[in-house]
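User: I am new to this structure and would like to learn how to read its features. Can we go through them one at a time?
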Amino acid sequence: MRARWIALIACGIAALGSIHLSRADGQAPPPPSPYAVFAWSEQGMISTHEDFSSICLMPLGTTIRTQVIVRGEEPEILDGDATVTYSVPTHARSFDKTNFWTHAQQLFGVSLAPDIGRTGHGLSGTMTTAPGNLWQVTGVPVVPIDNAGRIDPYPVGLVKVTGNLGVGESRPVLGVSGELNCALCHGTGTGSPSIGVLQYHDAFEGTDLMNQQPVFCAECHADTSIGAPGKPGISTLSHAMHNGMLDAVVQSGLENVCLACHPGIRDEAQRDVHKAAGIECIDCHGDMTAMADTNRIPWVDLPRCENCHSGAGEEYEQPGTLYKDSIGHGGVRCTSCHGSPHAIGPATNPIDNQQAIALQGHAGPINTCSVCHTTTPGKPFFHRVNK
Amino acid sequence: MNTNRMNTSHVAWTFALGFSALAATASFSVAGATTYTLEDLSTLAGSHIWTDPGSTAAGLSRSAIVGHSITPAFDRSVHAFRYAGGSMIDLGALPGDLHSMAFASNAQGDAVGVSFDLGEIDVHGVLWPWNGGMVSLGAIEPRDVNAAGAVAGSIPFTGGVAGAVGTKHAALHLGRGTTDLGTLGGPSSMGMALNESNWVVGDSMLADSRTTRAFVWRNGSMIDLGTLGGNGSRALDIDGLTVVGFADTSAARPHATRWALNANGSIASKTDLGTLPGAQSSAAYAVSGTSIVGTSDDRAVLWTDGAIVDLNSFVDPNIYWHLTKATGIDSEGRIIGVGRHKGLTRAFVLTPKNPADIDGDGVVGPIDLALLIGAWGTNDSLADLDGNGTVGAPDLALLLGAWTA
């Protein structure tokens with residue numbers, strides 16, 4: 001009985017808090033919808049580049065994930081009986097902003113129609129269900145230039161759910177950066193930095209890449225993040241890059257050497273609550289030496305929340321499962337409440353906080369029961385799986 | 001027989017004939033006969049900066065070229081520029097903003113564009129008057145300005161719902177305020193250009209929240225310009241009653257498209273402008289009279305006299321330039337755009353070169369005449385102005401007809 005009263009009081013305080021913030025914000029409460037829709041970019045921000053005539057280091061392709069909760073006294077996760085569509089209203093076409101499609105046949109051995117990504121999906125379409133109570137679309141070829149030609153590495157997508165109970169929508173930020181640039185170290189008087197990379201590779205590795213342009217790096221160097229298995233006996237792309245750049249970036253003089261290659265000077269890959277707390281890349285990922293360690297498995301050996309976070313009776317990621325793939329309260333994905341990796345709320349970029357504001361009236365993790373519950377829950381909230 | 005005297009008499013005789021042919025001299029045809037001088041606009045950070053986005057030219061007027069460029073700042077900020085007389089000037093950003101981009105310039109030389117910070121919700125419209133300074137235009141994101149100062153662009157639209165970002169509505173800004181032009185039924189639209197009658201063109205989502213269609217807005221009415229048989233389309237420029245952009249074909253390939261409008265705004269005709277041979281796609285970005293420029297599979301192109309011309313065909317391959325997009329053209333045939341110079345993204349301007357300007361100094365005068373006479377009777381390609389294989393009287397007539405000294 002006492003626990004129930006505590007739970008009621010806790011949710012009441014949370015509800016009152018959200019109402020107070022809504023009034024203080026002067027914003028209208030979210031419109032009533034039978035669904036609570038959570039959508040996010042799987043990686044938070046992907047890196048790509050405009051010119052593919054010499055090298056393809058990071059191809060276009062963003063993965064959008066969505067979880068749909070049927071609001072109610074006992075909310076349910078919707079994994080069927082609905083149509084989930086996606087689009088990117090302000091970044092509707094990509095074909096004329098990059099030469100990706102001009103060189104796709106040479107790079108990937110497949111002809112891609114303009115504005116269709118490597119997985120066969122375009123800039124708008126329908127999501128399909130995926131394991132883990134998800135809806136998902138992969139390889140969306142969004143670029144960091146909007147319809148009007150403005151540089152915009154934070155395109156806002158539009159996800160719409162149409163089900164038996166009605167409609168719902170969400171607006172995820174689909175971070176994509178073109179800041180990736182090899183010019184800090186490579187580049188010649190008569191060629192681009194990409195040419196400099198190929199010349200360097202030929203000189204030191206005995207290859208003949210200059211005569212094989214355009215070159216898809218992951219054809220040889222495995223990159224599981226884009227489904228590229230590479231070739232046996234050749235280091236992964238992560239190892240090749242981090243090991244090969246180890247001495248050069250240290251000599252770059254940059255305070256944060258990660259930014260020699262990864263977006264962060266102009267476009268913010270890391271723009272989350274951790275950054276706001278002064279936590280830098282190496283605090284979670286380790287330094288270049290750690291990244292170049294051949295014992296590290298790229299895209300598998302990644303930071304875990306439980307490395308720093310703990311609380312009595314609380315759970316974080318499942319064993320052997322990353323944050324981006326784990327579930328928590330009621331089977332809800334961690335990313336549904338907390339946001340994309342590198343954009344965990346409250347984010348430092350105002351635009352990343354808008355989905356949470358639309359759902360509960362304020363930024364930060366989803367901590368308002370009424371986002372999913374139409375009545376005050378009879379049980380307290382625990383940061384645990386299925387609780 | 002004194003050959004030299006005879007030759008001199010021969011030249012004098014043909015010179016006299018040349019004068020009489022002045023009145024019959026035709027202007028040089030652009031297609032096939034025109035050549036260009038190519039100029040690299042460099043960047044605000046100098047010519048050797050290797051950091052993208054380099055520079056891009058977006059707007060062209062009689063007095064200047066406008067666009068955006070990387071700045072020398074470590075933060076890789078991007079600023080709008082105005083380029084004239086071989087000099088690129090930083091137009092700056094509004095106080096508190098890190099970046100700016102200029103998209104268009106009207107006949108007077110006033111430029112419009114945006115000032116913004118990445119990751120922020122609000123993007124600010126800016127007018128840079130031809131005589132200096134900058135004026136905030138508020139929430140509108142301008143994309144074009146006409147001679148009367150009317151601005152076409154977009155404004156943020158949330159429908160009154162908190163957190164509903166990422167959608168915009170096409171807008172027309174006149175001196176007395178900004179008008180929301182609405183959409184074709186979907187959540188979002190963007191205004192891209194306007195003509196001197198304040199007709200606005202752009203693109204809008206349909207009610208399915210997925211399909212984007214070109215539109216023309218006139219006197220409160222937005223009309224869907226349709227496609228070439230496929231799904232979507234975009235309108236990117238308008239000159240008088242001619243609209244250009246691109247539309248999807250039935251094979252789902254985007255092709256540059258020209259729409260001719262009637263005086264009441266209805267569609268008179270829709271033309272597929274085609275692509276370069278073997279190319280998958282094309283898009284038209286600007287129109288001036290009957291000349292249209294754009295891109296086809298990463299190559300800057302010009303459509304004129306019913307033909308598509310690869311502008312890279314005018315560029316010496318030994319100077320490491322690849323023109324990727326032509327973004328503007330004026331009534332004098334000057335073309336601006338963006339390309340890769342030694343692999344680095346750079347704004348360019350192509351200026352039609354008078355073939356009679358043999359020495360390329362910008363003037364047709366005594367030096368050109370001397371060069372032509374010196375090449376008399378040969379097949380010198382520079383002096384052979386009519387392209388018949390021999391330098392002779394017709395070439396002399398053309399040179400005299402183009403005299404500017």
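User: Which residues in α2(B) meet which residues in α3(B)?

Analyst: Note that this is a predicted model. From α2(B), the residues are B:Asp368, B:Leu369 and B:Leu372, and they meet B:Asp395, B:Leu396 and B:Leu399 of α3(B). Sorted by class, this contact of α2(B) with α3(B) has four nonpolar and two charged residues, and no polar ones.

User: At what angle do helix α2 and helix α3 of chain B pack?

Analyst: Helix α2 of chain B covers residues 366-374 and helix α3 of chain B covers residues 393-401; the angle is about 175°, and the axes are 11 Å apart. Angles over 145 degrees count as roughly antiparallel, so α2(B) is roughly antiparallel to α3(B).

User: Which domains does the assignment give for chain B?

Analyst: Domain 1 is assigned 3-27 + 364-401, and domain 2 is assigned 37-353. Taken over C-alpha atoms, the centres of these domains of chain B are 43 Å apart.

User: How much area do chain B and chain A bury between them?

Analyst: The size of an interface is often given as the accessible area lost when the parts come together. Here chain B and chain A bury about 4,800 Å², with 60% of it on carbon and sulfur atoms. In chain B, the residues that lose the most area to chain A are B:Trp50, B:Arg76 and B:Arg210, together 14% of what that side buries. The contact involves 60 residues of chain B and 60 residues of chain A.

User: How many salt bridges are there between chain B and chain A?

Analyst: The count is four. One salt bridge joins the side chains of B:Arg76 and A:Glu179, at 3.1 Å from N to O.

Conventions:
Residues numbered from 1 in each chain as written. Chains lettered and ligands numbered in written order. Predicted model: local features only at pLDDT ≥ 70, side-chain atom pairs only at ≥ 80, totals over all residues. Heavy atoms only, no water. Axes fitted to C-alpha atoms, helices over the stretch in contact; angles between N-to-C directions. Helix = DSSP H or I, 4+ residues; strand = E, 2+ residues; numbered from the N terminus. Parallel < 35°, antiparallel > 145°, perpendicular 65-115°, else oblique. Contact = heavy atoms within 4.5 Å. Nonpolar A, V, L, I, M, F, W, Y, C, P; charged D, E, K, R; others polar. Domains from an automatic or database assignment. Buried area = accessible area lost by both parts, 1.4 Å probe.
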